[in-house]
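Hello,

Here is the structure I said I would pass on. My notes follow below it.

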Amino acid sequence: MGVRRRGDFIKTTIIGGLVFLVPLVVLVMILAKAVGIMTMIAEPLAEWFPVETIGGVALVNVLAAISLVLVCFIGGLVAKSVMVQKGVDALESKILAKFPGYVLIKGMVCLL
């Protein structure tokens, strides 16, 4: 293998690693934030339910998770509205499409 081919191999491997790792890191950050939000929801709920037992702690955590899913569902309903879609489309076409890799990552997410 020539020096140039090794350089190309290293470069494409690093770029491939970035394309794989960046969305993964973003997903982990989002999940960490969701756990933080769930904890913020669970603390006030803990005042209403007996959390001295494991069942009480589990109940509060389940209710917090359900609340988080409900908020996500409502956010999804809002995101599907026509006015919000027009704003997102304008933002994507004018700003986000100019960032390298955005279209690629968006395409990968749309496949899910």
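The buried residues of α2 pack against α1 (3-48); contact means heavy atoms within 4.5 Å, and helices are DSSP runs of H or I with at least four residues, numbered from the N terminus. This is a predicted model, in which local features need pLDDT of at least 70, side-chain atom pairs count only at pLDDT 80 or more, and totals for chains, interfaces and linings use all residues. Residues are numbered from 1 along each chain as its sequence is written, and side-chain values use heavy atoms, without hydrogens and water.

In α2, the buried positions are G56, V60, A64 and L68 (buried is under 20% relative accessible area, exposed over 50%, partly exposed in between; 1.4 Å probe, protein chains only). Helix α2 covers residues 54-79 and spans 37 Å from first to last C-alpha, close to the expected 38 Å (1.5 Å times one less than its number of residues).

F9, I10, I14, L18, V22, V26, I30 and I105 form a nonpolar surface patch of about 720 Å². V26 lies in α1 and is partly exposed, at 40% relative accessible area.

Overall, the chain has four helices and zero strands. Of its 112 residues, 6% are buried.

Regards

Note on methods: Helices (H or I, at least four residues) and strands (E, at least two) are DSSP runs, numbered from the N terminus. Patches are made of residues with over 30% relative accessible area and no salt bridge: like charges are joined within 9 Å, nonpolar side chains (Val, Leu, Ile, Met, Phe, Trp, Tyr) within 5 Å. Accessible areas come from the Shrake-Rupley method with a 1.4 Å probe; for residues, only the protein chains shown count as cover. A salt bridge is a side-chain nitrogen of Lys or Arg within 4 Å of a carboxyl oxygen of Asp or Glu.
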